[in-house]
Protein chains: 2
Amino acid sequence: MKNGPDIARVAALIGDPARANILTALMAGKALTATELASEAGVTAQTASSHLKRLLDGGLLRLRGQGRHRYYSLSGPDVAATLESLMGLAAGHGHLRTRTGPKDAKLREARVCYNHLAGTRGVQMYRSMIQRELLSEAGDHVTLTDRGHGFISSFGIDLSAPTRSKAPLCLGCLDWSARETHLAGRLGRAMFAHMEDRDWITRGIGSRHVQFSALGQEMFEQWFPV
Amino acid sequence: MKNGPDIARVAALIGDPARANILTALMAGKALTATELASEAGVTAQTASSHLKRLLDGGLLRLRGQGRHRYYSLSGPDVAATLESLMGLAAGHGHLRTRTGPKDAKLREARVCYNHLAGTRGVQMYRSMIQRELLSEAGDHVTLTDRGHGFISSFGIDLSAPTRSKAPLCLGCLDWSARETHLAGRLGRAMFAHMEDRDWITRGIGSRHVQFSALGQEMFEQWFPV
DNA sequence: CCAATGCTTCGACTATGATCGAAGGATGAA
DNA sequence: TTCATCCTTCGATCATAGTCGAAGCATTGG
């Protein structure tokens, strides 16, 4: 009857509350064990196991077994992007899971999205880098310019390190709260990790919120002015 | 337990096969009546009615009543963008509804996506306009440059006509097949309509496929060179 | 007014799948 | 080896919601 990709299958996969909780928890980018995800989703280990199997079969998750632990993570940035897009729809039409509170405002300001910075802070960083032509956009492809390479190495990140990852260096990711692009991809993750190492930012425990330290606040404005 | 938008609600809404068919049918951009959608979805009128009610309540659809007909359409470009994103996931993970056939190849080349041009043709048009600086990208916002305004009016579209629409003039939409951006928004729709008026393109009946005429082929290459 | 069409509501049936208890396999620690 | 932890599989229960037949509104046309 119809042709094209089977959208219902994927959507139904995301459409269960327990599975949606699991996926949302994994948006933070860290790989989590099955039991951790069970508690995140608010179901027993058995139930979570069956959900994880389905998500795995559906290609949304990736599994790495380490000893008796099984670590699950999102299978790729495209999954994260789709989830953000769905969040945008849900938020735009006023279906917030909980009432909009101070926590939401914090999330809107800075949060982690699959290991890179999202929220107004993330958008600010992206805009700043675009404005100064450290990044350039062509179509949907974002690339690091020559000036950008210099900037990044002076920022303290070594991009020349060998990598076996085939993931794109730069990737635009649509922000559900700000409705603008922020930087994802390997570079986005590296910059996030770097700021974490320098104690500019700390992750909220059990939350996607990102807290800027006083130093971080100052440095961020200095490196990424509008 | 969790915070943020209620993603499961929206995803579950899209996750039913009948509703997914309805939404996919509406991706073509035209408003369709309840009975038309019922036949598209392959269910009876009663069933479709209940689905349409739910989609309406969920904010995914928009309703305009005309006489005894009720015309349903997608509530906005953000909905279309999310659907495309889901298609990308589904296609990427190999869940095609039907076997990949010639029809799919045609769809990949040129199709209508919420009343604007998508597929490799759509991407080509977008790239061409970006390259020649008729469009400029800043973050997620796409804007028509001064040169772009000149180009559009020589193309034969009058943008000075008064509009009560608050929809953005330019909007990037991620293509599920090409995985690049193509032009959506009011301008994207206007350009599509213009090419339709000039018989450069015709829509496939009951399909999202777009057929280029010989004239259209030639003109398209002339106006949007790579 | 009546008849026809488009659409929705109601009610009942049914199936899918979400859930958890219990049990079993796998790994690591002692 | 023995025990504990992590995780999965099996089986049974139960609720949600997708489906359609029948009936009821609403609108149009004669």
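The legends below describe close-up views of a predicted model of protein chains with DNA strands.

Local features need pLDDT of at least 70, side-chain atom pairs count only at pLDDT 80 or more, and totals for chains, interfaces and linings use all residues. Residues are numbered from 1 along each chain as its sequence is written, chains are lettered from A and ligands numbered from 1 in the order in which they are written, and side-chain values use heavy atoms, with hydrogens and water left out.

View 1. Strand β2 (residues 61-66) and strand β3 (residues 69-74) of chain A run antiparallel and pair over six bridges. Strands pair if DSSP finds at least two bridges between them. Helices (H or I, at least four residues) and strands (E, at least two) are DSSP runs, numbered from the N terminus. A:Arg64 sits opposite A:Tyr71 of β3(A). Two residues separate β2(A) and β3(A) in the hairpin. In the turn, A:Gly67 has a positive phi of about 60 degrees. In a regular strand, side chains alternate between the two faces of the sheet.

View 2. A:Ser128 belongs to helix α7 (residues 120-131) of chain A. Is A:Ser128 buried or exposed? It counts as buried, because its relative accessibility is 1%. Buried means under 20% relative accessible area, exposed over 50%, and partly exposed in between (1.4 Å probe, protein chains only). The side chains of A:Ser128 and A:Arg132 make a polar contact of 3.0 Å. A polar contact is a pair of N or O atoms within 3.5 Å; within protein, one must be able to donate a hydrogen and the other to accept it, and residues adjacent in sequence count only if both atoms are side-chain atoms. A polar side-chain atom of A:Ser128 also lies 2.8 Å from the backbone oxygen of A:Pro225. Neighbours within four places in sequence aside, A:Ser128 contacts A:Trp223, A:Phe224 and A:Pro225. Contact means heavy atoms within 4.5 Å.

**View 3. Protein around DNA strand C.** DNA strand C is surrounded by 22 residues. The closest are A:Gln46, A:His51, A:Arg54, B:Thr35 and B:Tyr72. Of the atoms of DNA strand C within 4 Å of the protein, 69% belong to sugar and phosphate. A residue is near a molecule or strand if one of its heavy atoms lies within 4 Å of it. A side-chain N or O atom of B:Tyr72 is 2.8 Å from a phosphate oxygen of DNA strand C. For B:Ser49 the corresponding distance to a phosphate oxygen of DNA strand C is 3.0 Å. A:Asp16 places a polar side-chain atom 3.5 Å from a sugar or linking oxygen of DNA strand C. Elements giving two or more residues to this surface are α2 (17-26) and α4 (45-57) of chain A, with α3 (34-41), α4 (45-57) and β3 (69-74) of chain B. The surface near DNA strand C holds five nonpolar, ten polar and seven charged residues. Ala, Val, Leu, Ile, Met, Phe, Trp, Tyr, Cys and Pro count as nonpolar, Asp, Glu, Lys and Arg as charged, and the others, Gly among them, as polar.

**View 4. Protein around DNA strand D.** An N or O atom in the side chain of B:Thr47 is 2.9 Å from a phosphate oxygen of DNA strand D. The side chain of B:Thr44 has an N or O atom 3.2 Å from a phosphate oxygen of DNA strand D.

**View 5. Aromatic pairs of B:Phe151.** The structure holds 16 aromatic pairs over all chains. B:Phe151 and B:Trp223 pair edge-to-face, at 5.5 Å centre to centre and 70 degrees between the planes. Rings of Phe, Tyr and Trp (its six-membered ring) pair if their centres lie within 6.5 Å; planes under 30 degrees apart count as stacked, over 60 as edge-to-face and the rest as tilted. B:Phe151 lies in helix α8 (residues 146-155) and B:Trp223 in helix α10 (residues 214-223) of chain B, so the pair ties together parts 72 residues apart in sequence. B:Phe151 is buried, at 10% relative accessibility. B:Phe151 also pairs edge-to-face with B:Phe224, at 6.0 Å and 65 degrees. B:Phe224 is buried, with a relative accessible area of 0%.

**View 6. B:Asp199 in its loop.** B:Asp199 lies between α9 (185-197) and β10 (201-203) of chain B. Its phi is positive, about 60 degrees, although B:Asp199 is not a glycine. B:Asp199 counts as exposed, at 52% relative accessibility.
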